[in-house]
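Work through the exercises below with the sequence and coordinates at hand. Each task is followed by a stepwise solution.

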Amino acid sequence: MKIVILAAGIGSRLGNPFPKPLTPLKDGESIMAKQLKNITKYFDINDVTTVVGFKKDLIMERFPEVNYVYNPFFDRTNTSKSLLQALKKHKGKSVLWFNGDVVFDEQLLSVLQDNIKNNISFIAVNTSSVADEEVKYTLKNKYVYELSKEVKNGLGEAVGINFISSNDLEVFIKQLEKCNDNDYFEKGIEMAIAEDNLKVKAIDISSYNCIEVDFKEDLKNANNIV
């Protein structure tokens, strides 16, 4: 299995002059440093690839121990294309990927282990919150049916931690290639579900802290759990 961190975006909503994953938390660690610290308690650092773009050298110099993929079009593409860049490097593998702005409890990863070991595709979700601006989901026959910010009557929020089985990777890559430049990777999952009958589980991690830092209020909440 390979691990991907998506860290190419500009992160303009937070207003930093540097990549959002380098945002410092109140304990002195950056968002990405905390991610890697948690990830490497369960997985090998040599299996981690980070997709970079905006001010890439700042991230690469700070974390020289991980592998890198560069998205040269970071300023005009969204996460569908950044993730596609990385997945093409890992054909035939299963991949666990993280949005580069997620702050989470390390124990959260223990909940995901069984599905990773059984090679079952999933999205991690928080069922205790359904905010309008977040990516939401619905289920059909116990599997994810809809997955986007536009979902109505969502059952919860996707938290930015996801896994694609090695059996499903080729189909997912095909759909990401069909996505528009401004699409989020969730669009590729939705299309694979609709067109290729991709089966994706929703793994409830609501009992653990997990926050995507998009706005200053999110950063405040992330610091509260740190």
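A pocket, on a 1 Å grid over the protein atoms alone, is an open set of points where a 1.4 Å probe fits, with protein on both sides within 12 Å along at least five of seven lines; lining residues have an atom within 4 Å of a point. This is a predicted model, in which local features need pLDDT of at least 70, side-chain atom pairs count only at pLDDT 80 or more, and totals for chains, interfaces and linings use all residues. Residues are numbered from 1 along each chain as its sequence is written, and side-chain values use heavy atoms, with hydrogens and water left out.

**Exercise 1.** Describe the lining of the largest pocket.

Step 1. The lining counts 31 residues, and R13, K20, N78, T79 and Y184 lie nearest the centre of the pocket.

Step 2. At least two lining residues come from each of β1 (2-7), α3 (79-87) and β9 (156-164); helices (H or I, at least four residues) and strands (E, at least two) are DSSP runs, numbered from the N terminus.

Step 3. Sorted by class, the lining holds 11 nonpolar, 11 polar and 9 charged residues. Ala, Val, Leu, Ile, Met, Phe, Trp, Tyr, Cys and Pro count as nonpolar, Asp, Glu, Lys and Arg as charged, and the others, Gly among them, as polar.

**Exercise 2.** Do likewise for the second largest pocket.

Step 1. Its lining has 17 residues, with N126, E157, C210, I211 and E212 nearest the centre.

Step 2. β9, β11 (210-212) and α7 (216-225) each contribute at least two of the lining residues.

Step 3. The classes are 6 nonpolar, 6 polar and 5 charged.
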